[in-house]
Amino acid sequence: MAPLGSFIIVTGGDSRYCPLILELVASLRALKPAADCPIGVIDAGLTDEQRAAMTADGLAVVTPPWPVEIPAHRLRNRIHLKANLAKLHLPSYFPGYETIIWIDADAWVQDWAAVDLLRRGAALNRFAIVAQFGRFSETELRLDWLFGRFARVRSILFKNAVRAGLTTAESRTLATRPTLNAGAYALKADAPHWAAFQRWQKKVLVKGRLFTSDQLAMAGAIYLDGLPVELLPEWCNYIGPWRFDSERNELVEYYLPNRRIGIVHMAGEDAMRADPSVRRAVLDMEDREHQLSLRQPSWADADPAREPDLTMADGLR
């Protein structure tokens with residue numbers, strides 16, 4: 001394990017995401033050596049009371065300006081998008097740290113080893129992140145079949161690149177590259193990547209989508225500019241498929257070796273993120289079905305009548 005140094009873990013969101021932010025914080029503080037690590041929060045629409053409570057709890061809450069000027073008609077009062085844009089400017093908001101780790105608020109940490117691996121990747125002067133491809137992906141590339149053997153590429157990066165007005169050459173280069181999951185990453189504060197991210201951000205936001213602009217800017221810096229990257233295993237930012245080890249009371253990778261998931265990321269789980277009572281079917285190691293919440297265990301279910309293997313109430317070890 002890499003020694004603890006000068007680093008901060010940052011997350012962010014609006015008032016609706018406040019419970020998720022607190023769950024992420026709770027998951028970190030339940031782990032060693034994470035319990036005393038600095039934690040920052042990007043305020044993207046928190047209430048005054050939420051900000052005050054977080055500050056009183058020792059969190060470094062920053063309410064940044066919009067890092068890029070966005071016309072009001074494009075924002076449509078979606079102040080929560082400030083967190084997505086601010087992701088690429090973190091050294092400015094949290095100065096004085098050697099390394100900055102970002103974790104989305106709809107994620108929580110089950111195993112500190114994932115955070116440690118993020119830090120180790122950043123220590124190599126690389127952008128430490130997980131790419132969305134491999135044995136846990138349902139498909140490597142989406143295609144629209146036109147006729148015969150001819151098809152149109154439908155990858156996320158390609159669609160967003162075209163929409164953002166990138167050149168044909170740039171869009172084609174990105175077409176078959178895996179999306180870098182911006183939900184968890186680590187980077188040294190003085191890395192050249194930040195300036196590249198911000199340059200690409202300004203470029204893609206002229207025409208492109210606000211919500212996915214962070215991932216497209218990262219792709220530009222890594223795949224088009226060629227800045228160094230350290231691709232980490234899926235369990236460092238895991239988005240499914242899910243499996244539950246009922247003996248150890250924890251979420252694990254779906255396939256062998258069923259490694260304990262480090263960062264549980266509820267990407268796409270809209271209903272569950274909004275309502276902690278929402279459950280989904282998850283198979284255990286013997287393919288028996290359990291109805292589980294993927295939210296941080298100590299918050300997910302306050303009903304003492306539920307069986308402990310379903311609530312994962314003691315899932316952090």
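How many bridges join strand E11 to strand E14, and do these strands run parallel or antiparallel? Two bridges link E11 (residues 242-245) with E14 (residues 280-284), and the two strands run parallel.

The structure is a predicted model, in which local features need pLDDT of at least 70, side-chain atom pairs count only at pLDDT 80 or more, and totals for chains, interfaces and linings use all residues. Residues are numbered from 1 along each chain as its sequence is written, and side-chain values use heavy atoms, with hydrogens and water left out.

Helices (H or I, at least four residues) and strands (E, at least two) are DSSP runs numbered from the N terminus; two strands pair if DSSP finds at least two bridges between them.

E11 and E14 belong to an open sheet of four strands with mixed pairing, in the order E12-E11-E14-E15. Strands E12 (250-253) and E15 (289-292) are at its edges with a single partner strand each, so one side of each has no neighbour in the sheet. From one strand to the next, the twist averages 50 degrees.

A second open sheet, also of mixed pairing, holds seven strands ordered E3-E2-E1-E4-E9-E6-E10. Its edge strands, E3 (60-62) and E10 (229-231), each pair on one side only. Within it, E1 (residues 7-13) and E4 (residues 99-103) pair in the parallel sense over four bridges, and Phe7 has Thr99 of E4 as its bridge partner.

Axes are lines fitted to C-alpha atoms, for helices over the stretch in contact, and angles run from 0 to 180 degrees between N-to-C directions.

| Helix | Strands touched | Angle with E9 |
|---|---|---|
| H6 (residues 112-123) | E1, E4, E6 (127-131), E9 (180-188), E10 | about 60 degrees |
| H10 (residues 213-224) | E6, E9, E10 | about 55 degrees |

Terms used
Contact means heavy atoms within 4.5 Å.
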